[in-house]
Amino acid sequence: MNLHRKGRAALVLALVAVVGMAFRVSWNALRDVARAIGADSTAALLYPFVVDGLMALALVATLVLTDRADKRFALRVLAAYTLASLVLNYVHGLVPQLHGGSVDWGRLADWNPANWALVLLATSLPVGSIYFGSDLVAKVLHHRPIEPTPIAVTVDTSTKRSTPDLGESTPAPVFAAEPPAALPAPVVVDLVKRTEPIPVRAVAAESTRPRRATGRVPAVARSSRPARTAEQLLDEARSATADWSVEDLTAEGIRKAVRTSPAKARVLRETLRGERSAAPVEAVA
């Protein structure tokens, strides 16, 4: 790891050295071009920083920005100023008068259209540096790195198996063991001194049957049979169970005979049993 860091540091230092030497080589050309378009000695001295300095700024912004649109903008600025510096260095090599400073002001080429284009390019670079440089610095300062999104890994257990592997069971997935939760402090019960029984609360087992959705029954699903009163329901139960013994009077049998709910069937069962049990007593009396 330490060797890897040293290699990266050496690579960065080598890049800085190469960029610095390239900036020094381009210095003379950009300075002479600035003098040819009317800049004084101080402005001509600072002119290379306007062009090559913005190239370095655009390179750093390209490395820092992660948004695709911002990175594309920084790359375009870097490409545009690199091309402009290349054209001005090329013109400096073609016009020997620029080397000695004997060229006429505003004259970078003999052909007028080419001269106008070159002068426009050389004079617009400082203004472009102000605009593009400010925009790049604003994008870098307002940049927010994108946090990595956790990726959920799913294991597909429905892979088709060949015939020889059917006899082997599929290994169960291995899950990471969770740390055991803190156990409550043990309760010590004195069985010798305690005389009253310890109450045991019954826990109802949760039903595994699926719950049916409840709600209003639509009008179509409702029975067309009119609702019966308690007296009518009792009369029907008496007539339906007239030949039944007391032991035969069950809630399920009554429910099926008169077609009613289980709760009403239980009420009818108790009522009929009470009537059948009290009937012999009243006859004797």
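**Pocket and helix packing**

Trainee: Hi! By class, which residues make up the lining of the largest pocket?
Mentor: Counted by class, that lining has 13 nonpolar, six polar and one charged residues. Keep in mind that this is a predicted model.

Trainee: Got it. What volume does the largest pocket have?
Mentor: Its volume is about 500 Å³.

Trainee: And which residues lie nearest its centre?
Mentor: Look for Val19, Ala22, Asp52, Met55 and Ala56, which lie nearest the centre of the largest pocket. They belong to a lining of 20 residues.

Trainee: Which helix gives the most to that lining?
Mentor: That's α2, with eight residues. At least two residues of the lining come from each of α1 (2-36), α2 (41-64) and α3 (68-94).

Trainee: Okay, new topic: helix packing. At what angle do α3 and α5 pack?
Mentor: The angle between α3 and helix α5 (residues 112-141) is about 155°, and their axes are 11 Å apart. Angles over 145 degrees count as roughly antiparallel, so α3 is roughly antiparallel to α5.

Trainee: Is the crossing left-handed or right-handed?
Mentor: Left-handed, for α3 passing α5.

Trainee: Which residues in α3 meet α5?
Mentor: From α3 you'll find Asp70, Phe73, Ala74, Val77, Tyr81, Ala84, Val87, Leu88 and Val91. Across from them in α5 are residues including Leu118, Leu121, Leu125, Gly128, Phe132 and Lys139.

Trainee: How many nonpolar residues does that contact have?
Mentor: The contact of α3 with α5 has 14 nonpolar residues, along with two polar and three charged ones.

How values were computed. Residues numbered from 1 in each chain as written. Predicted model: local features only at pLDDT ≥ 70, side-chain atom pairs only at ≥ 80, totals over all residues. Heavy atoms only, no water. 1 Å grid on protein atoms, 1.4 Å probe; cavity = no way out; pocket = protein on both sides within 12 Å on 5 of 7 lines; lining within 4 Å. Points joined across faces, edges and corners; volume = space filled by probe spheres on them. Helix = DSSP H or I, 4+ residues; strand = E, 2+ residues; numbered from the N terminus. Nonpolar A, V, L, I, M, F, W, Y, C, P; charged D, E, K, R; others polar. Axes fitted to C-alpha atoms, helices over the stretch in contact; angles between N-to-C directions. Parallel < 35°, antiparallel > 145°, perpendicular 65-115°, else oblique. Left-handed = near helix turned anticlockwise from the far one by under 90°. Contact = heavy atoms within 4.5 Å.
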